[in-house]
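Here is a short tour of a protein model for a reader who likes to know how each term is defined. Keep the viewer open as you read.

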Amino acid sequence: MGRHDLTLGAVLKGRSSLATGLYASTPVLTPTGWVEIADLSAGDIVVTHDHGLLPIVRMAPETRAALWGVLFPAGALGNDDEVLLPPGQPVLVETAHALPFGGEAQALVPAASLEGWRGIAPFVPSTPETILQIRLSRPALVQAGPGLILGVDGIDIGEVDLIRLLLTAPTRAVLPLAAARLLVAALIAEEAGQGLRASDQAALRRENRV
């Protein structure tokens, strides 16, 4: 049972079998610009994609081992530079293919589910780097470098009363790994079809010029 299992018990546990978090050198957006996560601490403010400015409530090393990371090459999701993420870290994907899963044209999916799309691939760093978990005052979306939007948890359910629980409950569930892979397979097929159509149109234009 884990975070990608959407049963009530899994939500209350707030745990995942795959490591989540951000590698220490990952930049996040703050009111003063991009700052590596290792240079931030509890009380610092980050700029979120959906809730404006929010404070970091807690930061701690990820306790689950990450045997590999997921490497996002520059441009994969609009990111300017390569970004390495733990395999379970939720990543926001915007596509109409997400509508059947949650009624929105976007979804949070584990980073590992994106392997094979746009050059995203598993990667084992030569030098292990610390993975840090950050908890904000409420669940939110943060940017890990320009263009790459990630889901970050809010404070632990066990630490809040009922009223605050209602305010800090997750606003967007993370798709289970199997469902996320189906979504990514649709994205891969769609872009492959677009490539074939573009190739056919280019070939037709060449024939017309002959």
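What share of the contacts in the protein with a separation of 6 or more comes from residues 24 or more positions apart? The share is 60%, where contact means heavy atoms within 4.5 Å.

## Ground rules and overall make-up

This is a predicted model, in which local features need pLDDT of at least 70 and side-chain atom pairs count only at pLDDT 80 or more, while totals for chains, interfaces and linings use all residues. Residues are numbered from 1 along each chain as its sequence is written, and side-chain values use heavy atoms, with hydrogens and water left out.

The secondary structure comes to 4 helices and 13 strands; both kinds of element are DSSP runs numbered from the N terminus, helices being H or I with at least four residues and strands being E with at least two. Of the 210 residues, 40% count as buried. On this scale, buried means under 20% relative accessible area, exposed means over 50%, and partly exposed is in between, using a 1.4 Å probe and protein chains only.

## The four-stranded sheet

An open sheet is formed by 4 strands in the order E1-E11-E5-E4, with antiparallel pairing. Strands E1 (22-23) and E4 (45-47) stand at the edges, each with a single partner strand, so one side of each has no neighbour in the sheet. Two strands count as paired if DSSP finds at least two bridges between them.

E1 and strand E11 (residues 131-136) run antiparallel and are joined by 2 bridges. Within this pair, Tyr-23 has Ile-131 of E11 as its bridge partner.

## The three-stranded sheet

Another open sheet has 3 strands in the order E7-E6-E10, and its pairing is antiparallel. Here E7 (83-85) and E10 (121-123) are the edge strands, each with a single partner strand, so one side of each is left without a neighbour in the sheet. Neighbouring strands are turned by 40 degrees against each other on average, direction ignored; the axes are lines fitted to C-alpha atoms, for helices over the stretch in contact, and angles run from 0 to 180 degrees between N-to-C directions.

E6 and E10 pair in the antiparallel sense over 3 bridges, and Leu-71 has Ala-121 in E10 as its bridge partner. As background, side chains in a regular strand alternate between the two faces of the sheet.

## Around Phe-72 and Ile-120

Phe-72 is found in strand E6 (residues 69-72) and is buried, with a relative accessible area of 0%. Not counting residues up to four places away in sequence, Phe-72 touches a list of residues including Leu-77, Val-83, Leu-85, Val-91, Leu-114, Ile-120 and Leu-148.

Leaving aside neighbours within four places in sequence, the contacts of Ile-120 include Val-70, Leu-71, Phe-72 and Pro-73. Ile-120 and Leu-71 are 49 residues apart in sequence and 5.7 Å apart in space, C-alpha to C-alpha. Arg-118 is found in the loop between strand E9 (106-110) and E10; this residue is partly exposed at 40% and has a positive phi of about 55 degrees although it is not a glycine.

## The hairpin and the cavity

Strand E12 (residues 140-143) and E13 run antiparallel, joined by 4 bridges, with Ala-140 opposite Val-152 in E13. The two strands form a hairpin with 5 residues between them, and Gly-145 in the turn has a positive phi of about 85 degrees.

How many cavities of 30 Å³ or more does the structure hold? There is 1, and the largest cavity has a volume of about 80 Å³. Of the 12 residues that line the largest cavity, the closest to its centre are Gly-21, Gln-89, Gln-133, Gly-151 and Val-152. The elements that give two or more residues to this lining are E11 and strand E13 (149-152), and E11 gives the most, with 3 residues. By class, the lining has 5 nonpolar, 5 polar and 2 charged residues; Ala, Val, Leu, Ile, Met, Phe, Trp, Tyr, Cys and Pro count as nonpolar, Asp, Glu, Lys and Arg as charged, and the others, Gly among them, as polar.

A cavity is a set of points, on a 1 Å grid over the protein atoms alone, where a 1.4 Å probe fits but cannot get out, and lining residues have an atom within 4 Å of a point. Grid points are joined across faces, edges and corners, and a volume is the space filled by probe spheres set on the points.

Terms used: 1 Å grid on protein atoms, 1.4 Å probe; cavity = no way out; pocket = protein on both sides within 12 Å on 5 of 7 lines; lining within 4 Å.
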